[in-house]
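Open the model in your viewer and keep the sequence panel beside it. This tour goes from one selection to the next.

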Amino acid sequence: RDAGSLDESSPTPLYLQLQHLIQQAVRSGKLRADEALPSERDLSRQLGISRVTVRKAIAGLVEKGMLVQRWGSGTFIAPAVQVEQPLSRLSSFTDDMLGRGLHPGAVFLGRGVGPATPKESMALGLSPGELVSRFDRLRTADDVPMAIEHAVVPNRLVPDPEAVSSSLYAVLIGRGHAPRRALQRLHAVLLNSEQAKLLQVPDGTAALYIERRSFDQDGVAVEFTSSYYRGDAYDFVAELSLGS
Ligand code: 16G
């Protein structure tokens with residue numbers, strides 16, 4: 001179909017021509033973020049060029065961050081938003097995105113009050129059955145879905161869950177419970193199909209599951225949040241120092 005777009009007599013090497021073709025397709029919206037690229041074999045057939053050339057073109061665009069390869073499922077156009085997130089900073093999603101010049105968003109998937117589960121009461125230091133406020137949100141940056149977050153807060157700190165319309169931390173700060181310190185753990189997971197749909201990525205895409213417990217200046221646990229961060233959109237970075 002696009003075979004005519006490559007010019008064998010041009011002094012520009014074929015792999016570079018193919019790279020330009022792909023870049024053009026992305027710029028014009030013919031290929032969209034997270035969309036799969038045709039397979040190496042299909043591209044070489046359609047364009048009448050060798051697979052070695054196709055491979056070289058793809059490798060170059062992967063290097064540039066324009067394409068991403070997902071093991072076992074193929075090559076995709078890189079996500080529209082790519083974020084480097086320091087691992088040791090206690091910040092809110094809203095502040096993180098604003099700091100990057102991106103517009104933070106929250107789509108509520110659920111919100112309400114209920115008794116803490118055993119896991120939640122352990123995490124927040126509550127008595128069994130004490131009430132918590134829950135906030136389930138899809139977080140977006142410039143309208144691109146980035147993470148799914150399930151935040152649980154002792155109900156006495158935020159008895160009115162409707163008060164949280166955008167930033168949870170803004171509400172906690174406003175009520176004298178600014179998060180000052182947090183414990184965090186993370187591990188790799190594969191998204192289930194419901195999560196993948198929300199994040200607009202293919203089923204089985206890798207994600208980082210992150211749990212955070214934050215405490216205010218008095219050491220009161222103010223949140224227990226579990227999040228699923230898109231593995232293809234996030235790089236977590238940390239500074240290491242020599243251990244003793
Ligand atoms: C971050 C935190 C999350 C916190 C949220 C508040 C991680 C892994 N999670 O996403 O624990 O609840 O920020 O953001 O960093 P907000 O103030 O914009 O609602």
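Start with T94. Leaving out residues up to four places away in sequence, T94 touches P104, R139 and S167; contact here means heavy atoms within 4.5 Å. T94 sits in helix α4. Helices are DSSP runs of H or I with at least four residues, strands are runs of E with at least two, and both are numbered from the N terminus. T94 counts as buried, at 15% relative accessibility. Buried means under 20% relative accessible area, exposed over 50%, and partly exposed in between, with a 1.4 Å probe and protein chains only.

A note on what you are viewing. This is a predicted model, in which local features need pLDDT of at least 70 and side-chain atom pairs count only at pLDDT 80 or more, while totals for chains, interfaces and linings use all residues. Residues are numbered from 1 along each chain as its sequence is written, and side-chain values use heavy atoms, with hydrogens and water left out.

**The ligand**

Select the ligand next. Which residues are closest to the ligand? They are T94, E149, S167, L168 and R212, out of 17 that surround it. A residue is counted as near if one of its heavy atoms lies within 4 Å.

Now show the polar contacts. A polar contact is a pair of N or O atoms within 3.5 Å; within protein, one must be able to donate a hydrogen and the other to accept it, and residues adjacent in sequence count only if both atoms are side-chain atoms.

- T94: a polar side-chain atom lies 2.4 Å from an oxygen atom of the ligand.
- L168: a polar backbone atom is 2.7 Å from a ligand oxygen atom.
- R139: an N or O atom of the side chain is 2.9 Å from an oxygen atom of the ligand.

The ligand on its own has 460 Å² of accessible area, and the protein covers 98% of it. Accessible areas come from the Shrake-Rupley method with a 1.4 Å probe; for residues, only the protein chains shown count as cover.

**S167**

Move to S167. The loop between β6 (144–154) and α6 (168–174) holds S167. Is S167 buried or exposed? S167 counts as buried, at 12% relative accessibility. Beyond its neighbours within four places in sequence, S167 is in contact with S92 and T94. Its side chain also reaches two backbone nitrogens. The backbone nitrogen of A170 lies 3.0 Å from a polar side-chain atom of S167. The backbone nitrogen of Y169 is reached at 3.4 Å by the side chain of S167.

**R89**

Select R89, in the loop between β3 (83–86) and α4 (93–99). R89 is partly exposed, with a relative accessible area of 44%. Setting aside neighbours within four places in sequence, R89 contacts D96 and R212. R89 and P79 are 10 residues apart along the chain, and their C-alpha atoms are separated by 24 Å.

**Helix α2 and its cover**

Go to helix α2 (residues 40–47). Its buried residues are L43, S44 and L47. These residues cover an arc of only 95° around the axis, which puts them on the same side of α2; the arc is that of the directions from the helix axis to the C-beta atoms. What covers them includes α1 (14–27) and α3 (51–63). Just after α2, G48 takes a positive phi of about 65°.

In helix α1, pick Q19. Q19 counts as buried, at 5% relative accessibility. Leaving aside neighbours within four places in sequence, Q19 is in contact with K56, A57, G60, L61 and K64.

**Two cores**

Colour the largest nonpolar core. A nonpolar core is a set of buried Ala, Val, Leu, Ile, Met, Phe, Trp, Tyr and Cys residues joined through side-chain atoms within 4.5 Å. Of its 16 residues, L18, I22, L37, L47 and L67 touch the most other members. Helices α1, α2 and α3 each supply at least two residues of this core. Another core, of 14 residues, lies apart from it and includes A141, V144, A147 and Y234.

**Two positive phi values**

Finish with two loop residues. D34 is in the loop between α1 and α2, and its phi is near 75°, a positive value in a residue other than glycine. D34 is buried, with a relative accessible area of 16%. Q200 lies in the loop between α7 (193–199) and β8 (206–215). Phi of Q200 is near 55°, again positive in a residue other than glycine. Q200 counts as exposed, at 54% relative accessibility.
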